[in-house]
Every structure is written in C-alpha cells, then in structure tokens.
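Here's a quick briefing to read alongside the model. Have the viewer open as you go.

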Amino acid sequence: MTTPLALPDEVQVVNVGLPMFADAVRAQGRPVQHVDWRIPADGDLDAVRALSNLYGDAGAAIDEANTEVVRRLNEGVPQLVDVSTFGEAVPGVEGRMILHCGPVLPYAEHTDPLQRSMRAAVVAEGWAADVAEAEKLLQSGEITLDAANHHDAVVPMASAVGPSQPALVVENREGGTRAFSSLNQGPGEVAWFGRDTDAAIARLRFLAETAGPSVKQIIAEAGQLDILAVASQGITMGDDLHMRTQAATNLLTRTWLPQITALPDAARVPFGTYLAGNHLFFLNLAMAAAKSLQLWAHQVEGSSIVTHMARNGTTFGIKLADDDAWYITDAPPVGDAMYYSGYGPDTAAKDIGDSAVLELTGMGGPAAGNSAAVAAFLGGAMSDAAAATESFQAICAGASTRFTLPAMGFIGAPLGVDVRKVVETGITPKVTTGILHANSGIGQVGAGVATAPVSCFADALKALAARVA
C-alpha cells in the first residue's frame with residue numbers, strides 16, 4: 001500500500017533568479033527570500049575567463065593593490081593652494097589650445113553644447129571677434145583641442161577653457177600629485193551649459209579678470225584650504241557633492257567671509273554677487289581634489305580600480321590604475337530625470353563632463369543615500385537614494401572614513417570602483433548630473449542620473465587580464 005504524500009505545514013522558500021516567482025509566493029502570503037542572481041558578465045565568455053583569472057591566480061595580488069588604492073583615496077588630503085591660469089600653471093597648455101571635458105574628439109564630432117562652449121572660449125581668449133569667426137577657426141584646426149584629463153585637469157559639464165581662464169591649483173602632498181580645475185561659471189547664461197551668447201562670453205572674461213584674482217587674493221590671506229574637510233561636512237548636511245553642493249558652498253563662503261569683505265572695492269561687490277548666486281561654486285573644488293587623489297591612485301601597479309571616468313556628450317571613457325589607455329564607448333542618456341517645463345528626453349543632450357571623477361572618490365552617487373535632494377530624482381524616498389549608494393557598495397573595493405552618511409547609520413561612502421565587480425554583476429556607476437538641451441543653445445533643461453555603459457568596463461577588464469596573464 002502506498003503511503004499518502006504528506007505536505008509540510010510550513011514552507012520556507014528561497015527563490016534564485018527571476019523575481020516573479022518570489023512575487024507569486026509572496027502574493028499568497030508565504031515567506032520567501034529572493035536571491036538576485038544573474039549570469040556572471042551577462043554570459044560574455046571572454047569576460048568570464050578574464051574574471052576567472054583576475055579573481056583566481058591573480059586575485060591576491062590585485063586585492064593587495066586595490067587595498068593600497070583605497071588607502072590613497074581615503075587618506076590623501078588635497079589642499080587648494082593657489083589660483084593661477086591654465087596657461088601658466090597647467091602642464092602642456094601652449095599656444096592656442098582649448099581643454100575640454102571627456103575623451104578627445106575632432107571638433108566636428110563634438111556635441112552641440114560643447115561646440116558652443118568652445119566657440120565662447122575662443123572669443124573670450126580674443127582669438128576671434130565673434131562666434132562665427134571662432135567656428136571657422138575651430139573647423140580649420142587652427143585651435144588645438146585636447147582633453148583636460150590629459151593635463152591633470154578636470155572640467156564639469158560642457159566646459160571648454162582657454163589659457164587665460166583661472167585654474168584652481170590643488171596639491172595632494174601625501175602623493176606628490178597636483179591637479180587643476182576651472183572656476184565654476186555659475187547658473188544661467190553660461191558656456192559650461194552649452195551657450196555661446198554675449199553674456200556667456202562676458203562671464204568667462206569676468207572669471208579671468210575679477211573672480212580668479214579675487215580667489216587668489218583670498219587664498220593668500222586665508223591660507224590653504226582642506227577641500228575634503230569642507231566636503232565631508234557638506235555631505236553630512238545633505239550634499240552629494242555632485243548634483244548638490246549647496247551646503248559645502250555655504251560653509252566655504254562663511255570660511256572666506258573676512259577675506260571677501262577685504263577685497264578691493266572694484267572686486268568685492270561683483271565677486272560677492274557672483275558667489276552668492278552660485279550654489280555650485282564648490283563643485284569644481286571637489287573635482288580638482290578628487291582628481292589629485294585619482295592621480296595618486298593611478299600610480300598603483302596591478303590594481304583593478306577605475307581611476308578615470310569622463311564624458312564629452314558623444315563618448316564615455318574610463319581608465320584603470322597603471323593603464324594609460326582609454327576604454328571608450330558611446331555616451332549614455334541621462335535617466336531618472338526631472339525636466340524644466342516644456343522639455344524632455346527628446347530634447348536632452350547625452351551625459352557630459354569630467355565630474356564623474358567624484359563618483360570614483362566617494363562623492364556623488366556613492367553619497368546619494370544621505371541626500372534628500374538626490375532622492376527626489378530617484379523615486380522621491382530616502383530608500384531610493386539609499387539604493388543608489390548600495391549599488392556602489394556592490395561594485396566598490398572599500399569605504400570612506402572621511403565621508404559618512406548619517407541617514408544610513410553613518411556608514412562610509414563606497415570607495416574604489418572595481419572593474420571586476422562591475423563586469424561580474426553588470427552593475428555600473430550611476431552619475432548624478434545636469435541635463436543640457438541637445439541643440440538649441442538654451443542651456444540646462446533638467447537634471448538626473450546617468451548610468452555608465454558596461455561595454456567600456458568589459459574592454460578594460462579584458463585588457464587587465466591580458467596584462468597580468
């Protein structure tokens with residue numbers, strides 16, 4: 001006689017893979033634990049072989065190198081030491097040269113907002129009488145174009161800077177590295193938002209003639225600035241230091257207020273007005289600080305950590321530590337976006353700027369979990385912002401002790417994007433950023449979050465595996 005089948009009174013379910021099965025069990029009121037498992041490297045066999053090597057025979061040496069990279073990113077102390085000009089301070093800037101964000105491209109292949117910014121820069125330098133003449137010079141190749149990253153510099157959004165523009169000079173003495181960025185141009189009718197109007201050109205001249213010399217005098221009187229000490233306070237106050245730098249800018253303004261009031265009469269009012277209306281002033285300082293640390297990290301041999309991540313609106317590129325090759329793919333669109341009235345994805349330019357260096361240094365996306373401002377772009381709840389930080393935890397080699405996130409129990413912001421983890425999981429960095437109009441020249445039309453494309457990370461991974469084989 002066959003014994004009747006007896007079903008257990010309680011069933012504990014572990015679901016692996018497709019979440020719909022877990023949802024079905026949960027809908028019936030039963031406990032279920034879902035495991036978000038996926039095929040490693042999305043089934044790319046070459047990538048799987050590379051991962052086997054980089055986690056296997058080469059894994060211990062890579063882990064040791066990555067530990068050193070995280071230490072450098074976490075312990076370096078970048079200081080703002082001076083303001084000079086790109087022509088005087090930045091290595092390799094010679095003659096009629098314009099530095100721009102992202103990887104190098106010929107002028108004709110650059111996106112419309114960056115072309116406009118280049119034209120504005122050429123006129124501001126006095127090389128052309130107007131933007132029409134600037135266009136001819138740029139098309140003819142008489143103006144040299146190069147990536148700011150090739151000169152130890154980083155510039156945000158659609159920035160293009162000439163030799164007369166002020167250069168923030170940031171030193172990381174622990175690593176012996178020096179990095180540079182431009183002064184932030186502020187909101188409105190400005191070239192870094194892809195505008196080439198008379199007002200945008202006038203703003204560039206104001207930076208060169210008034211704002212740059214003013215900040216130089218402030219530093220001379222106030223002394224060197226520990227940039228990331230201010231940044232860490234800003235993060236605890238709700239900044240992510242990419243999309244929102246308002247708290248850090250306010251802290252810096254308070255710190256410099258005695259020196260601002262002591263500026264000459266001709267500079268004090270216009271500089272004060274510019275600073276009061278520019279909540280993103282601190283952005284470029286944070287970028288230069290991050291770049292100085294990434295230059296130090298880039299010197300570590302045998303690491304799988306990403307040390308460069310830049311976009312020009314047409315292409316998106318990364319570099320790994322101890323590898324000077326760019327791994328490049330198409331720039332992604334900006335998603336999770338909030339647009340100004342009348343604009344949307346159809347009018348949006350693709351992801352642009354060198355500011356993704358922040359995401360590689362514990363700021364921006366890694367710090368999103370403490371920022372209500374960022375949460376508004378990611379679903380509206382702080383849990384959505386926390387999920388952005390958690391996605392970085394899944395692909396980073398360590399955590400910051402400098403940037404802590406009170407809203408997430410004071411955990412350290414994830415630090416050191418590991419190309420192995422990116423390719424294995426398919427989770428790529430999410431970059432909080434502004435959105436420019438694609439072709440009208442009207443400037444910013446929104447803000448959102450760009451998801452880095454995985455293909456360039458896979459190419460970098462395979463190249464690393466070939467080097468350590």
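Predicted model: local features only at pLDDT ≥ 70, side-chain atom pairs only at ≥ 80, totals over all residues.

Numbering runs from 1 along each chain as its sequence is written, and side-chain values use heavy atoms, leaving out hydrogens and water.

**Thr 177**
- Thr 177 sits in strand E9 (residues 177-182); strands here are DSSP runs of at least two residues, numbered from the N terminus.
- With 7% relative accessibility, Thr 177 counts as buried (under 20% relative accessible area, 1.4 Å probe, protein chains only).
- Its side chain reaches the backbone oxygen of Ser 292 at 2.7 Å.
- Beyond neighbours within four places in sequence, Thr 177 is in contact (heavy atoms within 4.5 Å) with residues including Val 170, Leu 295 and Trp 296.

**The cavity**
- The largest cavity holds about 40 Å³ of space; a cavity is a set of points on a 1 Å grid over the protein atoms alone where a 1.4 Å probe fits but cannot get out, and its volume is the space filled by probe spheres set on the points.

**Strands E18 and E19**
- Six of the seven residues of E18 (residues 430-436) are buried, so this strand is largely enclosed by the rest of the structure.
- E18 runs antiparallel to E19 (residues 444-451), joined by seven bridges; pairing takes at least two DSSP bridges.
- Thr 433 stands opposite Gly 448 in E19.

Key. Helix = DSSP H or I, 4+ residues; strand = E, 2+ residues; numbered from the N terminus. Buried < 20%, exposed > 50% of the residue type's maximum accessible area, 1.4 Å probe, protein only. Polar contact = N/O pair within 3.5 Å; in protein donor to acceptor, adjacent residues only side chain to side chain. 1 Å grid on protein atoms, 1.4 Å probe; cavity = no way out; pocket = protein on both sides within 12 Å on 5 of 7 lines; lining within 4 Å.
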